Amino acid sequence: MSLADSSPVALITGSGKQRVGSVIAEYLAERGYRIALHYRSSEAEAFETRDKLRAGGCACEAFRADLGRVDEAESLVAQTVEAFGRLDVLVTTASIWSPTPLDEVTPDDLQKNFAANTLATFYPARAAGRVMAAQPEGGSIITIGDTAIDRP
């Protein structure tokens, strides 16, 4: 499969590490999707996942972005479209969670978690939604939360 073919394209945030995002990337790759992997700090793991998917015949690229920053989230979506020509599915799995006793949570902790768990979902979803709305086929956005939301 080449980057320029007509297979659907999926961008999965938080797919650099061997966690739920990389499993979703593998699942979609097995079903014929071209894959854009996202990582923030897990470059080596993201490239390992990219190479594994490529070895299986999947057109795959890995992109770095801090999704808590609007400019980087928009750049991630733009790079995906530039590499693959379209964007059909966005799956947001990027998140952080640090088990911290309530009395020890600081304002900085709240800001860091808000950026990584809320803004990092909203910014790429908004950028992807704009791209998908302009495509005749549209697209799908899937957001995935963590059990820590239910039981922090």
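Let me begin with Lys 17, which counts as partly exposed because its relative accessibility is 36%, where partly exposed lies between buried, under 20% relative accessible area, and exposed, over 50%, with a 1.4 Å probe and protein chains only. This is a predicted model, in which local features need pLDDT of at least 70 and side-chain atom pairs count only at pLDDT 80 or more, while totals for chains, interfaces and linings use all residues. Residues are numbered from 1 along each chain as its sequence is written, and side-chain values use heavy atoms, with hydrogens and water left out.

Lys 17 sits in the loop between strand E1 (9-13) and helix H1 (20-30), helices being DSSP runs of H or I with at least four residues and strands runs of E with at least two, numbered from the N terminus. On the surface, Lys 17 gathers with Arg 19, Arg 40 and Lys 112 in a patch of positive charge; patch residues have over 30% relative accessible area and no salt bridge, and like charges are joined within 9 Å.

Turning to salt bridges, meaning a side-chain nitrogen of Lys or Arg within 4 Å of a carboxyl oxygen of Asp or Glu, the whole structure holds 11. In one of them, Glu 26 meets Lys 52 at 3.2 Å, N to O. That pair links distant parts of the chain, with Glu 26 in helix H1 and Lys 52 in helix H2 (residues 43-55), 26 residues apart.

Elsewhere, Arg 64 pairs with Glu 72 at 3.2 Å between the closest N and O atoms, and Arg 69 with Asp 71 at 2.9 Å. Through shared partners, salt bridges join Arg 64, Arg 69, Asp 71 and Glu 72 into one network.

Terms used. Patches are made of residues with over 30% relative accessible area and no salt bridge: like charges are joined within 9 Å, nonpolar side chains (Val, Leu, Ile, Met, Phe, Trp, Tyr) within 5 Å. Accessible areas come from the Shrake-Rupley method with a 1.4 Å probe; for residues, only the protein chains shown count as cover. Lys and Arg count as positive and Asp and Glu as negative; His and the chain ends are not counted. The place of a charge is taken as NZ of Lys, CZ of Arg, CG of Asp or CD of Glu.
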